[in-house]
Amino acid sequence: MAKLGYDDTPMLPDSQWQVHDYRRPQPPVITPAAEPGLPPADAIVLFDGSGLSGWTGREGEAKWKVENGYMEVVPGTGDIVSVERMGDCQLHVEFASPREVKGESQGRGNSGVFMMGLYEIQVLDGYENPTYADGITASVYGEFPPLVNACRKPGEWQTYDIVWTAPRFNGVELVSPAYLTLLHNGVVVHNHAELIGPTGHRNVHPYTAHAPFGPLKLQDHGDLVRFRNIWYRPLAQ
Ligand code: MG
């Protein structure tokens with residue numbers, strides 16, 4: 001077979017490869033999902049609607065309700081965390097705010113997707129529901145509002161597609177911060193945002209050294225928020 005490239009081309013900067021190098025390894029072949037949003041073949045599924053075996057709650061067992069392919073917060077039972085630990089990754093999460101609209105501002109359809117258990121991407125019913133900008137749906141809570149409010153109506157399924165770069169530490173020193181790119185319902189709402197540190201309520205938290213991998217945490221904020229179809233793909237780090 002003829003060479004599928006060249007060996008008489010310039011070296012690429014900061015690379016061991018030449019332009020169109022025939023020796024350069026091919027990317028692995030994976031089978032993508034049949035439909036957008038479903039897990040591709042190399043994804044690790046965290047929740048497929050069948051149960052909460054991959055999750056733990058405050059007293060061990062995750063006590064949220066599972067029915068019809070989704071999980072729903074059971075208020076008072078506490079946050080739940082994944083058994084899986086994630087570092088750099090692509091993450092897909094679907095959620096729905098309660099169809100019955102109750103409360104206002106932060107009291108309407110509040111939950112959260114916490115990367116590594118520490119960095120909250122706000123889940124809220126942000127459809128025609130004014131609140132502070134850095135607390136609306138798809139905000140990095142208390143740090144950055146989303147670029148736009150792309151909320152669907154209460155009760156409709158919505159998507160978060162996240163590209164996450166974990167922070168790096170050398171001992172107790174921060175080497176590089178966390179970065180987040182987020183698509184909400186297919187719309188870019190954070191483009192490689194540099195996080196200030198772990199998120200908090202009425203507070204600014206500096207980075208504190210932690211493990212390179214951490215769980216996904218979903219928040220019980222007392223509202224009947226639903227989640228389904230949660231999967232991730234580790235990215236090389
Ligand atoms: Mg929240």
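**View 1. Domain 1 and domain 2, with 39 Å between their C-alpha centres.** Welcome to this predicted model, in which local features need pLDDT of at least 70 and side-chain atom pairs count only at pLDDT 80 or more, while totals for chains, interfaces and linings use all residues. Residues are numbered from 1 along each chain as its sequence is written, and side-chain values use heavy atoms, with hydrogens and water left out. Domain 1 covers residues 1-30 and domain 2 covers 44-234, with bounds from an automatic or database domain assignment.

**View 2. Glu120 and Gln219, a pair linking distant parts of the chain.** Glu120 sits in strand β9 (residues 119-123), and Gln219 in the loop between β15 (217-218) and β16 (226-234), 99 residues apart. Strands are DSSP runs (E, at least two residues), numbered from the N terminus. Glu120 counts as buried because its relative accessibility is 5%, where buried means under 20% relative accessible area (1.4 Å probe, protein chains only). Gln219 is buried too, at 13%.

Technical notes:
Helix = DSSP H or I, 4+ residues; strand = E, 2+ residues; numbered from the N terminus. Buried < 20%, exposed > 50% of the residue type's maximum accessible area, 1.4 Å probe, protein only.
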